[in-house]
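Hello,

Here is the structure I promised to pass on. Please have a look at it first, then read my notes below.

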Amino acid sequence: MNDMRELTYLEAIRESMSEEMRRDEDVFIMGEDIGVYGGAFGLTNGMIEEFGPERVRNTPISEAAISGCAVGAAMTGMRPILEIQFSDFVMIAMDNIVNQAAKMRYMFGGKTSVPVVVRLPGGSGAGFAAQHSQSLEAWMAHVPGLKVVQPSNAYDAKGLMKAAIRDNNPVLFYEHKLLYNTKGEVPAEDYEIPLGQADIKREGSHITIVATAIMVNRALEAAEILAKEGIEVEVIDPRTLVPLDTETILNSVKKTSRVLVVYEAVKRGGYGAEIASMIAESDVFDYLDAPIRRLGGLATPIPYNPTLEKAAVPQVDDIVVECRKLMNK
Amino acid sequence: MATEVVMPKLGATMEEGTIVSWLVPVGEVVEEGDPIAEIQTDKIVIEIEAETTGVLLKTVHDAGNTVKVHEVIAYMGEEGESLDGLAVTSPTGSESVDQQQETTVEAAPVTSAQAGDKIRRTPAARKLAEENRVNLQEVVGSGSKGRIHKVDVESFLAQNAKRITPLAKKIADDQGMDYKQIDGTGVRGKVMKQDVIIPPTDSGQTPEVENKRVPFRGMRKVIADRMAESAYTAPHVTLYSEIDMTNCVSLRQDLLPVIEKIEGQRISFNEIIIKATAFTLKQHPNMNVSLEGNEIVFHSDINVGMAVAVPDGLVVPVLRNVDQKGLAELTAESKKIGKQAREGKLAPDDMQGSTFTISNLGMYAIDGFTPIINLPNAAILGVGRIQKKPVVVNDEMVIRSMMTLSLSFDHRIIDGAPAAAFLTALKDALENPLTLMI
């Protein structure tokens with residue numbers, strides 16, 4: 001990895017897709033306004049110039065139609081990457097994803113596969129209000145046959161996108177809108193981060209924070225503050241919810257005896273509940289020295305008012321407070 | 001109804017007290033007036049007595065904790081009574097404790113399994129407790145609503161399973177020292193060698209002016225226990241006799257250069273007195289005795305303990321078979337063990353096996369005193385200073401070097417007449433030191 005550059009999260013995803021399209025002519029992208037306009041967030045800027053309209057396909061505004069198209073293309077041998085403009089809109093595509101894409105390989109006894117990547121810009125914080133700001137990844141993680149990815153930085157985004165494209169199963173690739181412009185070191189070369197491999201973003205001995213997506217970044221900020229108080233936080237980023245790297249999480253909890261799960265989605269029924277349950281059911285239970293705590297979003301539609309929008313999901317200060325509580329018992 | 005036991009205010013200036021020890025375990029029945037805890041203030045150590053007859057339901061603070069006056073330190077009540085409704089103070093703050101969960105004390109340990117299910121504890125605490133066979137009912141939880149965390153079990157283990165190195169244990173056992181009372185300086189309170197041996201001399205220190213508070217433990221505690229045991233179990237009688245040391249003074253003058261040439265040490269009166277005492281003990285074997293259980297032991301050896309002041313206390317190294325040794329040898333030996341004592345280099349064996357003890361305060365302006373017997377010895381000789389005084393000899397007033405000896409004896413095994421005979425014989429020996437040559 002000699003050739004490191006600083007790229008944004010957005011650029012890393014674009015580069016990953018472009019490299020795969022150069023490598024494999026079956027890979028193509030489709031979505032609303034992704035051509036000359038470059039997509040709602042400009043992620044596909046310049047791609048139509050390089051790959052042409054055959055492989056960078058603008059679609060009608062119908063998630064039902066375009067998701068059916070992508071699943072069908074995948075079943076017939078292509079490797080489509082479908083951009084859903086806002087992850088919220090995937091509701092309209094649910095039947096194609098849950099009832100078709102997730103089931104085909106199983107129901108045809110492995111005689112077909114559905115190598116589709118569905119890109120889903122999600123999360124709140126950009127002032128897009130209740131219908132454009134949700135974090136509904138837990139719904140997808142619930143369905144057997146789907147893989148769910150949530151990168152938290154540019155480096156991971158590129159490597160995970162490679163793995164998602166090369167995977168023969170449908171992969172839901174959740175991108176966080178607030179992370180698009182965050183920068184990180186990204187190698188120019190080709191590399192893949194296997195799905196199902198968590199990353200220890202910071203080592204610590206007192207508390208394990210398992211955080212997903214942008215919450216990884218907030219947990220790292222909180223860890224800095226807590227370190228000054230003598231509380232050493234270990235931050236684990238699962239990177240993929242399905243498959244989940246339980247071993248890395250459990251090893252960390254065994255070491256620290258205390259765990260906080262932080263996720264942006266509504267706390268009730270969110271994927272953090274799955275992580276917490278997994279820990280409680282494991283052998284590591286015996287090492288817990290405090291109740292497992294979760295920090296998630298409030299059970300409210302994401303407000304448009306920026307102050308309320310911030311208050312609806314965990315912020316750095318919330319994580320700091322929760323960790324102090326864990327240490328003070 | 002459970003009642004609170006609070007840290008008493010024992011004086012107008014007392015603001016806090018330290019719990020030295022709990023004298024009864026939680027769950028024990030105590031009678032009204034029974035001591036339940038020892039409390040140390042800045043002045044004294046005092047026992048707290050139970051105000052009512054009942055069961056010690058819960059202790060809020062562990063031994064060693066310092067607690068503000070009027071703060072609750074324990075709860076008393078009926079057997080099996082729960083502390084529902086009481087605002088139970090936990091050591092980390094004042095929170096109301098969900099009583100069902102943890103402070104109900106079962107009268108009999110038989111029911112502890114059932115009660116154990118109700119204890120609030122983390123999985124890690126439970127696991128550690130199981131591994132170390134700790135009954136969680138005895139552990140005070142520091143967490144929310146009294147929840148027992150791993151650290152609580154760890155500190156319980158540290159307090160209860162006294163950790164001690166094998167060497168330290170041997171030294172402590174040899175000295176009859178109760179190492180459980182010692183706060184070790186090792187990891188997690190482990191008692192190390194230096195915790196049980198005499199601290200090395202650190203001379204040249206100026207006395208502290210402010211009110212220094214020092215833990216009552218180690219050598220101080222050992223001295224205290226021994227002195228108290230002796231003073232309260234052995235009925236002491238002290239006899240005084242004034243000795244004319246004039247002959248000893250001239251004897252010492254004559255011997256000084258001789259012994260210095262042989263041993264390189266200067267003989268002092270102490271050695272002459274030790275020699276004379278051993279000489280007299282040989283003639284009075286009924287003084288060289290000790291009480292051991294149901295028997296009075298008449299010792300065949302004459303081993304004289306020599307009280308030596310050390311910076312924070314007092315040790316008694318032993319000179320063995322003194323009756324068989326000459327003054328030169330005695331001088332060398334007593335200088336050697338005196339030095340070792342002051343430097344904290346005595347081995348436990350050096351302090352074992354005395355049959356009689358001499359405490360010499362002659363270097364101070366002390367004429368006489370009532371020494372406390374060094375058990376299991378039956379007697380101790382106190383030596384005062386030598387001072388020139390006008391005395392009457394053959395109806396004439398003359399100046400003589402006079403010294404007072406005080407002999408304390410244990411009246412359980414020695415009567416007044418033989419003790420008086422011994423002291424008289426010792427006086428004769430010292431006044432006519434040539435008899436020591438015979």
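**What was found**

In chain A, 51% of the 329 residues count as buried (20 or more other C-beta atoms within 10 Å of the residue's own, with C-beta atoms placed from the backbone). This is a predicted model: local features need pLDDT of at least 70, side-chain atom pairs count only at pLDDT 80 or more, and totals for chains, interfaces and linings use all residues. Residues are numbered from 1 along each chain as its sequence is written, while chains are lettered from A and ligands numbered from 1 in the order in which they are written.

Chain A has 11 helices and 14 strands. Both are DSSP runs, numbered from the N terminus: helices are H or I with at least four residues, strands E with at least two. Of the chain A contacts with a separation of 6 or more, 79% come from residues 24 or more positions apart. A contact means C-beta atoms, placed from the backbone, within 7 Å.

Now chain B. It holds 11 helices and 20 strands. Of its 438 residues, 33% count as buried. For contacts between residues at least 6 apart in chain B, 61% join residues at least 24 apart.

One helix pair in chain A is worth a look. The axes of α1(A) (residues 9-23) and α2(A) (residues 47-55) come within 12 Å and cross at roughly 55°. Axes are lines fitted to C-alpha atoms over the stretch in contact, and angles run from 0 to 180 degrees between N-to-C directions. On the α1(A) side, A:R14, A:S18 and A:M21 meet A:M47, A:E50, A:F51 and A:R55 of α2(A).

Best wishes

Note on methods:
Two residues are in contact if their C-beta atoms, placed from the backbone, lie within 7 Å. A residue is buried if 20 or more other C-beta atoms lie within 10 Å of its own, exposed if 12 or fewer, and partly exposed in between; C-beta atoms are placed from the backbone.
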